[in-house]
Amino acid sequence: MTLFSLKRIGSALLVLLGVTLIVFLLLQLVPGDPARAILGQGATDEAVQQLRNELGLNDSLPQQYATYLGGLLTGDFGTSISQGLPVLELLLPKLGNTLILAAAALIIAVVFGVTLGVIAARKQGGIFDRVAMALSLGGASAPVYWAGLLAVAALSLGLGWFPTGGMYNAREPGGFLDLISHLALPAVVAALVPLAVIARLTRAEVIEALSGDYVTVLRASGISERTMLWKHVLRNALPSLIGIIGLQVGYLLGGVIFVEVVFQWPGLGQQLYTAITANDLPIVQAGVLFVAIVFVVINLISDLLTAVLDPRAKAA
Amino acid sequence: MNRKTHRHRIRLSGACVVIMAAVLGTSSCMVPASGEAWSDTLVIGIESEPDILDPQGAGGWVTYRINHQMFEGLVGQDLSQPSAEAASTELKPLLAESWDISADGLTYTFQLREGVKFHDGTPFNAQAVDFNIRRMWDKDAPQYDVRAAGNTTFLWQFLEDITVVDDYTVALTMSQPFSPFLRLMAQGGTGAAVMMSPDAVEKYGDQIQNHPVGTGPFKFEDRVRGERVTLVRNDDYWGEEAELEKVVFRPIPDAAARVNSLRNEETDMIAVPTPDSIAKLEDDGFVITEAAPPHIWYLTANMNEEPMQDVRVRQAISMAIDREGMADGLLESTALPAYRNQAPANSAYLASADTPYKYDPQKAKELLAEAGYPDGFSTVLETSVDGSGQMVPVQMAEYIQQNLAAVGIDVEIQTYEWISYISHYNEGLQDGVGMAQMSWGMSTPYWLGIVTNVNLIAPNGPNVGYYDNPEMQDAIDAAILATDDETATKLWADVNAIAIEDLPFIPIVNDKSPYVLSPRVEGFVLASEEWYDLTNVSLS
């Protein structure tokens, strides 16, 4: 187990290193000179050159990459060009907001996804199964921005139940209930795809588990169908479910970027969108890196957890 | 019925229910019922996240509309009259009570207002003015700020010295007469010569942008990036106190989302709605306010490209574009066709009965043939995808593309994000690019002198098309040197006439800059400027 864990952590670190290199190189292709963007069009060439030197933009690419990596290791993610603040100071609150949204979406996806999947499996072929699976197919296929716009049109503008966007009421910011009312729509929309995927996978796993010999034995022992299903069968399906939920967390973080833009949720995605349009390279670099780190770490945790629950997974 | 068909029907029914809910929902949108309790906070939906709140170093109109409420300069503009009543704004004393210009036009002596305090209690006086101007101009001053200096070069380029005469008198000496100087002092946008608290600048250093301290009718409360900038009323304001207690600027980059937020009462006022939503909003009781801000949506010709060097080609392009069709059709009358190189809100705008380069594709073809391009040519047009004052740039560029294709000019459109675009544009038009689009202008005619000045060729200035016309340059230099208004206006008319004849850039439309207000917003006036004053705005 220790060797497996070390190997898995090592490969995660390699992936992260690769991400830093790709992010660094991709952003070299963005047009425009950050130094001129900072100083404005009236700045002299001399001032622009001086700032390019200060920012290290005149160094060779490997030098710039080494400086960038060194900064990351010491917690220096650079300074935002458009906001003039340390990137870390700017992004940490945004990451917090994104995690609130992603966590709410994940809870919705897991609770409803697993429940739907188990009940559908239990009533395989029935009306509930067919409706649930058709809806989940719809959920998995619906583009999140489209679903978001539809939700705003129907539930915010139409029925007036929810605000159209933001995280708090701009007039009276704050309050848990205010947060919940702003969180509801984006969380549900962000949960659509993972909910559908989890529901379908749970259904498949439970159907497979139900055909196991131990189910016949348990049934013969007179155990109630409910206990057998929710306690024994679901436990057997758990390792696969944890793997898929781990993956969904990663996709959720990618998906909430669109949701944040549609609902103006002040999270990492919205910040990344703004930073990209503002050519603010340090924020874009750090934002993409944050998402990658969370993705890799969650996958690492889910792999390790799966290995603990199901030792066969280590061989895979 | 087989299983597959059944599943398909269920999916279809589900989709219908959702869509019907959406349609029913949107059709019931309406203005909030009167009689509800309203908070005294005005929430404004703005187009993008603002830049830094250091007004001297910040760029863009979106940000200056916020900074303008907190900061004041020595010279101001009267923003209380709508465009319909005043085609261009009047200058007015602000932190300077009066000023005197020496007969040779070289010395400006400002008599400052007494008893004014910054929001942090620091007194406003001649030392504060000296401190602020040196921050933007004097490389040897400890408070010198490269970004503020870069953004205000256009203003201080002829400043030679600043003298504190007494506690409330400051004298600025120029190396040559510079007639647009006072109007430029009242400008905002990219760099504004407004006064910041010297104590705050020293206290916060680089972080002053997050602790803006001015003398204006509103003061800074907080900023949550991506969410809001909150200002509160300055109860110790030296002038007429603001009506509102609080103003929140909420960045909502998507135009449709801004409209939704207004309909759902989350904002009271929004900038730049989607053009196709305006009629419905008006029908539903929202108030549309329009103005004539002093900017033009135009194409800059790249004088390094062979076809564009021929004035007949530039004239042909100008005549091939159906401005009326674009303004009335595509833009749904949110803009006016522009045929002149100064906006109507400019004091040197040439209002005459004739319309130069009226839409005439046949004449355009003849001009192209005369210039040696009977079969047209291929070129590239660059534009942004969004941005303040840009309206719907991609659709507008495509409209132009179709117009030009009709006379044989094959246009490839290249697009960029707004801030990337500004940076790219300011580097000067690249080889192979025939035209680039921009939306800009000022209330001073000097703006035309900036964008065509041979001394300001990119990347060292905004003459991005490399325009170099000695006749134009002489006319600009003469107009700058004029020390009395009457002569200056006459000389700027000469500059305008050359610009219309020679077309260094091709004007397309003048934006009406629509704002949509909830019916409970009272007293909001949109003057002929890019920014507004919220002092007299109230909520019913």
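Reader: Hi! Before anything else, what counts as a salt bridge here?

Author: Hello! A salt bridge is a side-chain nitrogen of Lys or Arg within 4 Å of a carboxyl oxygen of Asp or Glu. Keep in mind that this is a predicted model.

Reader: Thanks! Which residues are linked in a network of salt bridges?

Author: Arg171(A), Asp268(B) and Arg520(B) are joined in such a network.

Reader: Nice. Are Arg65(B) and Glu47(B) buried or exposed?

Author: Arg65(B) is buried, at a relative accessible area of 6%. Glu47(B) also counts as buried, with 14% relative accessibility.

Reader: What does Arg135(B) meet in a salt bridge?

Author: One partner is Asp54(B), at 2.8 Å from N to O. Arg135(B) belongs to helix H3 (residues 126-137) of chain B, while Asp54(B) is in the loop between S1 and H2, so the bridge connects parts 81 residues apart in sequence. Another partner is Asp145(B), where the closest N and O atoms are 3.6 Å apart. Asp145(B) lies in the loop between H3 and helix H4 (146-151), so its pairing with Arg135(B) ties together parts that are 10 residues apart in sequence.

Reader: Let's change topic. Where is the largest nonpolar core, and which residues have the most contacts inside it?

Author: That core has 149 residues, and Leu74(B) and Phe110(B) are the ones with the most contacts inside it. Helix H18 (residues 485-502) of chain B gives the most to this core, contributing seven residues.

Reader: What does Leu74(B) touch?

Author: Leaving out residues up to four places away in sequence, its contacts include Pro93(B), Trp99(B), Phe110(B), Phe124(B) and Met195(B).

Reader: And which residues are in the second core?

Author: The second core is separate and has 39 residues, among them Ala105(A), Ala121(A), Ala147(A) and Ile198(A).

Reader: That brings us to chain A. How many helices and strands are there in it?

Author: Chain A has 12 helices and zero strands. Its C-alpha trace spans about 85 × 55 × 30 Å along the principal axes.

Reader: How much of chain A is buried?

Author: Of its 316 residues, 49% are buried.

Reader: What about contacts along the chain?

Author: Taking contacts in chain A between residues at least 6 apart in sequence, 70% join residues at least 24 apart.

Reader: Last one! Which residues make the nonpolar surface patch?

Author: Leu238(A), Ile293(A), Val297(A), Ile301(A), Leu305(A) and Leu309(A) form a patch of about 460 Å². Helix H12 (residues 281-309) of chain A gives the most to this patch, with five residues. Leu309(A) lies in H12 and is partly exposed, with a relative accessible area of 44%.

Key. Residues numbered from 1 in each chain as written. Chains lettered and ligands numbered in written order. Predicted model: local features only at pLDDT ≥ 70, side-chain atom pairs only at ≥ 80, totals over all residues. Heavy atoms only, no water. Patch = residues over 30% accessible without salt bridge, like charges linked within 9 Å, V, L, I, M, F, W, Y side chains within 5 Å. Areas by Shrake-Rupley, 256 points an atom, 1.4 Å probe, with all protein chains shown as cover. Helix = DSSP H or I, 4+ residues; strand = E, 2+ residues; numbered from the N terminus. Buried < 20%, exposed > 50% of the residue type's maximum accessible area, 1.4 Å probe, protein only. Core = buried A, V, L, I, M, F, W, Y, C linked by side-chain atoms within 4.5 Å. Contact = heavy atoms within 4.5 Å.
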